[in-house]
Amino acid sequence: MAATLKDIAKNVGVSLATVSRVLNYDRTLSVSEHTRKQIFEVAEDLNYTKLKRRPAMPDKQLKIAIVQWYSETKELDDLYYMSIRLGLEKRGEQRHFLTMRTFQNDLNAIDPDVDAIIAIGKFSNQQVAAMARLTPNLVFVDHDQLCYGYDSVVTDFQFAVRQVIDFFWEQGQHRIGLLHGTEWTTDKQMEVVDQRLRAFKQEMQARDAYDPKLVYGGDYTNQSGYEQMMKAIDDLGDDLPSAFFVTNDPMAAGALKALRENHITVPDQVSLIGFNDTTIAKYVFPELSTVHVNTELLGSTAVDMVENRLQTGRTTAERVTVGTELVLRESTKQAE
């Protein structure tokens, strides 16, 4: 069950209004970064199920480095990666591993005696090689490195996007807009193209319905979602699609704000579906329909793969693909 605003406020020691405004990315609120970080972490943490039984203590405490490609501050702009890290750390605690955080791919901060590295996010070939020099026991989360011989835990983006398009299609909404993101690895050596853009283009082309004029690119932030939707409203005017797929929840929250400021009602005039089902999806208005990604499972699976590799001596790389679920809330029209 999702945490309530009251639960979060009580844990952090702030008012309900403060929690609500932080979760809605209200940058006009005067609140410290520490408090903001606490609110997001508690909101995510309260959604995890507590461990019922504790396993037996291992003979040797293993050291696992968690390499997060985001900075601590940027994590708060895209809770997806923070959620994965929290799930990973919880599984590590259950297994009695010593987990050590490293943000923004700071490999110099990694203990040279580390037993394994779990890398969350996107990494260039040079960065992967640098981690491999520290330990052969590497697991990548949200970045498929199987073809290079490394364990990987990934999301089934193709199926997820097909679910979204199928839903809109069944509602008779065949003109579908897209807001997506593009990023670079922290060393600026590799551009990371949104896999959901590729899947969207492929699925819509198969229906002979892909229109590049309805596709807008940003950088995954709340502000970017706001700006790209404002641009779509300005460019398209009365031809604005009645359905939009947005490839992460912060961008979708920004898009909702832009629609609201332009007096475009959701979902009566425009339906909106986000992606990841992070905490903010339940606290924006209207509540956001989104694709649920089990971030706790992504993180815990990575720890399980490390444990298997270390216990069995396995050297053959494995890839685990985690499925998704479309969660319908107030930002989409429901069939009557």
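**Salt bridges**

I looked up lysine 213 and found a salt bridge with aspartate 211, the closest N and O atoms being 3.3 Å apart (a salt bridge is a side-chain nitrogen of Lys or Arg within 4 Å of a carboxyl oxygen of Asp or Glu). Lysine 213 is exposed at 59% relative accessible area, while aspartate 211 is partly exposed at 21% (buried is under 20%, exposed over 50%, partly exposed in between, with a 1.4 Å probe and protein chains only).

This is a predicted model, in which local features need pLDDT of at least 70 and side-chain atom pairs count only at pLDDT 80 or more, whereas totals for chains, interfaces and linings use all residues. Residues are numbered from 1 along each chain as its sequence is written, and side-chain values use heavy atoms, with hydrogens and water left out.

I noted 20 salt bridges in the structure. One of them joins the side chains of arginine 91 and aspartate 304 at 3.0 Å, N to O. Arginine 91 is in helix 5 and aspartate 304 in helix 11 (residues 295-312), 213 residues apart (helices are DSSP runs of H or I, at least four residues, numbered from the N terminus).

**Cavity**

I searched the whole structure and found one cavity of 30 Å³ or more (on a 1 Å grid over the protein atoms alone, a set of points where a 1.4 Å probe fits but cannot get out; lining residues have an atom within 4 Å of a point). The volume, the space filled by probe spheres set on the points, is about 40 Å³ for the largest cavity. Its lining includes Tyr70, Lys74 and Asp219.

How values were computed
1 Å grid on protein atoms, 1.4 Å probe; cavity = no way out; pocket = protein on both sides within 12 Å on 5 of 7 lines; lining within 4 Å. Helix = DSSP H or I, 4+ residues; strand = E, 2+ residues; numbered from the N terminus.
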